[in-house]
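Keep the sequence and the 3D view open as you read.

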Amino acid sequence: MPSVVEPTDLCDTPTFPNCVELIPGRFKLYWKLDNSDAAKATNVTMMYEGILPESGLGYFAFGYADPSLEEDNLSTMIGSDVVVAGFLADEGVGFAQDYFMTSKSQCDYNTGINGGVCPDSGLADNLEANHAELICASKTEDGVTRAVFTKPLDSGDAYDRPWTATSAGRAVFATGPLSSASTASQPVVLYHSPQPNGSPSRSPGSLRVNLGVSSFTCQSSEAIMNMAGAIPAMSEPTVVPVIGPDVTLFNVDTGNNPNYPNPPAWGLSYRMNGLESPVIIFREGQELMFSVMAGTSHPLYITDDIIGGDSNPEETVYAGGDFSAGSQSSPYELKWTPDANTPDVVYYQCFTHQKLGWKLVKEGSGAAEEAVAASGNAQLMAEMNGETGAPAGMERNPDCMAGPLSVAGIGMEFECGVDVRGGGKVLWTHEPSTSTITFGMELTSPGWIGLGFNPKEDPTSMVGSMAVIGQASGVSVKDLNGRTMSDVVDNAAATASLSNTEYAASSDIAAMVFTVDLATTPLPIDVEGGRTHWIWGFGGTTFGMHTAYGSGLSAAIPTFLAVEAPTKTPVPTETPPPDTVGNALCVDGPFEVTGAAVPYQCALDFDAGGASDGRLLWTHDGVAGTVDFALCVPAEGWVSVGFQTAENANSMTGALAVIGTPDGVEGYRLNSRSLGDVVPDDATTSSLSAPLYESSDGMALLTFTVDLTSTPLPIDPEDVTHFIWALSDSDSLNTHSARGHSLSITLAAGANAPLPSPPQISNSSEKVHGVLMALAWVFLLPMGAAISKYIPLLGKKAYLTHLAMQMTGVALTIASLVFILIDKELPSTWLTTDGKRYDHGRVGIAVVAFAIFNPINAMLRPHPGVSLQRRAWEIAHLVIGKTALYLGAFNVFFGIYVYTVLNQNEGGDWAPWIGLCVFALCAVCMGVAIADKLIRHRADMAKVRETATPPLEDNKLASDGSGLEQL
């Protein structure tokens, strides 16, 4: 039998035959069953013994994991059933609570409905659901805490997992701090602490504990007492930070909250620009923008209620609600402009949970002065008193107003900083007296991290940058000459200009600091008031291909800027990349879209052929490797956005398209223009997430997120992406009402890009060509053919008119052909490329050939008569002429249609042209009908005369007047 340990007599504890050291030197578990026969045992009595923070606000936890949930042969925290116990030194009372873990987040202690690390009583909304009964608890003068409790092995409760005494279960255990708001009836668990450095490692979940098997592996209590001095006490609560009124952009996330300013709290609170529950000073009439990235369960809103959580039916809500929630990959942009009616004090809070946020106070109010004074922020206090410290004609850089700032794991403070979207920050302090800048960087990565400095000529591209790389082996600079590892080379000169380098990493975050000597460094850093541009990335333990990267990060470096200097903008605006033209499309973002769940950072408007313009919107997330798209167009049926390669940028054929219909959103491959060749593409569909199609009031909305790591869509955020689009007022895919292919964009840069030169002629030459051909083949040549009917009636006049009109028509045809060939240079692609335009060219060439042949044929006609040659010529002349007329008229109509389609006016401008041509043809047909009628009438009259009037010699009058009767 193992030895029996009897704890000190601070509470009347029984002896325990079993013990296991869960965290060496910090946490021991003692137990005994209520029956020596483990199979018959129904209850277990346990004692937790170990070291907690000197403040007494700490806990121990032990329990069993869900055996069906494992990761890498280890238990998961989710689904675990544990007992949380400890001793509140200030109150002199102990606690023991049954807990069930539904997710890796702090519990909502008000209702428990959202789960997390929650007491059973909260989840069940029943105090009787706590089956852990405290026997006693104490803390010795040596700092050793003990808590003894009993619980049933199987309570049958929905939130209790059976603790079997007949087999080994996979154990989970932890220690950690409690919130200062904790009570014995409601201990507020914040998070679990890591093991102290140098202690033997044992991962929770790798240990199996069988309560029915005798086991004693613990050291003496003296050994654990000797560890008490090695455990750092919890840090004292710090002052509440304050953010001044010149900061208007806030990145909103959540984090552990041991210092919540309005206790009791439930352990989790908002972080604004990385600061824990700060006071924000707002300025009347100045817009604030909150980029909410705290997850879907923590929507932000502005209220006059200090508790929040939508719990006060009489509260006033100034902005936000249950909809204003976003994630790191898809932030929600909440904008709020306080006005004269806004109270001096309001609160930013979570709409779902109580007490996640804190105060917003009006500039110049007593609340603002009190907050600044309590914070000890001398710089902000001086600024509020009008003492900015800025030289004449200068003002403080907006990026240098939230200091002092720091990065994780490195004890250094910085004056200025910007946030990295997706989690992270770049900080710096400029020292003009020493001509140096000290940078700090923090990213959510346990491996290497990199900060690239971009030349102004190409501020968004990775290629051409100089990157400072931090990893376990040190900090150095590398030139990024290309996108492959072979193009990444060490830059010794740039590395030599760095000093005071340091790198630190934990399980989920990495940071580095370095000082740059501006006198010697080749890094492109602007300290004269312009903007310095960065890219960033991170990856595995040793430097290699990046796991994620991003661009478009920029800031002004100096602490003070000239009054007219540019302020902080989300993307660089000086010079677009060389492969783009036009202005940045993301500067005025984010862009709200009615019906879309989140706003978008960039937008491009285009003519969608309707009463309302179309708009393509997107947000590129380099961390998540995704692009969020939205297409908003005037349509009542299906809508589509297609992605095309550069060589086929002006064609629908070969594109991959995302099509939204009332039945859903799917990917399609457009193999040709026929409906049968528009086929579903499963690979495209599977790479989409959050698809949405909506249509109302004549407008249709299509939204979706593309996973760049798996999609077959031809998208490169740093290169030009070519789009086509189409829409219809019908739900059937067999026809579209409008379409276009004029959208080419560099997504990461947010700029228009030039389309590859399409195989088409200029609009002016197309119009002249069309007018000449219409005159020839819709008016002159048909009329000339019709006038030939008048030749028997009018003789030579009709013949000459026929000849003149036909030759003029042929001349116009040749002139039109020559004109278009000179403008186009050579229509070789017309004969070799598929498509409607080129079919029009083929038919046109045949028509011109017939038009030229028939006049030549007329010049070679045999003499009039009844010869066989003359009869054959007449038939050939008639057939060739009629064929040319029919083909010519058809091609004029077809050419008008092709012109309007290729110029994206399908169904629009071509209708009047068609009407004019139809009128001309009707006039020709009417003329032919009139000519036929006249000819028949004259022939009929001639026959009447021949039959009714005798020959003149038989009709002469006699001298005596006889013969009058015959007249």
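A residue counts as buried when its relative accessible area is under 20%, as exposed when that area is over 50%, and as partly exposed in between. Please also keep in mind that this is a predicted model.

Cys632 has a relative accessibility of 19%, so Cys632 counts as buried. Cys350 is buried as well, because its relative accessible area is 0%. Now turn to Cys19 and Cys218, which form a disulfide with their sulfur atoms 1.8 Å apart. The count of disulfides comes to one. Where do Cys19 and Cys218 lie? Cys19 belongs to strand β1 (residues 18-23), while Cys218 sits in the loop between β13 (208-209) and α2 (221-226), so the pair ties together parts that are 199 residues apart in sequence. The torsion about the S-S bond of Cys19 and Cys218 is about -85°, which means the disulfide is left-handed.

Next come the charged side chains. Side chains of opposite charge can pair when their charged atoms come close. How many salt bridges does the structure hold? There are eight salt bridges, and three of them are followed here, starting with Asp66 and Arg161. The side chains of Asp66 and Arg161 meet at 3.8 Å, N to O. This pair links distant parts of the chain, with Asp66 in the loop between β4 (58-64) and β5 (70-71) and Arg161 in the loop between β11 (144-152) and β12 (169-177), 95 residues apart. Asp66 and Arg161 are both buried.

Another salt bridge joins Glu284 and Lys362, whose closest N and O atoms are 3.9 Å apart. Glu284 lies in the loop between β18 (279-282) and β19 (288-292), and Lys362 in strand β24 (residues 359-362), so the pair ties together parts that are 78 residues apart in sequence.

Then look at Glu442 and Lys425, where the side chains meet in a salt bridge at 4.0 Å, N to O. Here the partners come from two strands: Glu442 is in β30 (residues 436-443) and Lys425 in β29 (residues 424-431), so the pair ties together parts that are 17 residues apart in sequence. Glu442 is buried, and Lys425 is buried too.

You will find Asp98 in strand β8 (residues 93-101). Asp98 is buried yet has no salt bridge. The nearest side chain of opposite charge is that of Lys151, 4.6 Å away. What lies 3.2 Å from a polar atom of the side chain of Asp98? The backbone nitrogen of His131 lies at that distance. Leaving aside neighbours within four places in sequence, the contacts of Asp98 include Asp81, Cys118, Asp120, His131, Lys151 and Asp160.

Lys32 is in strand β2 (residues 27-33), and with a relative accessible area of 29% Lys32 is partly exposed. Lys32 and Phe16 are 16 residues apart in sequence, and their C-alpha atoms are 5.8 Å apart in space. Ala319 is in strand β21 (residues 317-320) and is buried, with a relative accessible area of 10%. The C-alpha atoms of Ala319 and Thr303, 16 residues apart along the chain, are separated by 7.5 Å. Beyond neighbours within four places in sequence, Ala319 is in contact with Tyr301, Ile302, Leu334, Lys335 and Trp336.

An unreviewed UniProt entry lists residues 768-787, 799-822, 842-860, 872-898 and 910-931 under "transmembrane region". In the model, residues 768-787 are 100% helix and 0% strand, with the end C-alpha atoms 27 Å apart. Residues 842-860 are 95% helix and 0% strand, and their end C-alpha atoms lie 28 Å apart.

Methods: Residues are numbered from 1 along each chain as its sequence is written. This is a predicted model: local features need pLDDT of at least 70, side-chain atom pairs count only at pLDDT 80 or more; totals for chains, interfaces and linings use all residues. Side-chain values use heavy atoms; hydrogens and water are left out. A disulfide is a pair of cysteine sulfur atoms within 2.5 Å. Helices (H or I, at least four residues) and strands (E, at least two) are DSSP runs, numbered from the N terminus. Buried means under 20% relative accessible area, exposed over 50%, partly exposed in between (1.4 Å probe, protein chains only). UniProt positions are given in the numbering used here, feature names are shortened, and annotations may be inferred rather than shown by experiment. Contact means heavy atoms within 4.5 Å. Lys and Arg count as positive and Asp and Glu as negative; His and the chain ends are not counted. A polar contact is a pair of N or O atoms within 3.5 Å; within protein, one must be able to donate a hydrogen and the other to accept it, and residues adjacent in sequence count only if both atoms are side-chain atoms.
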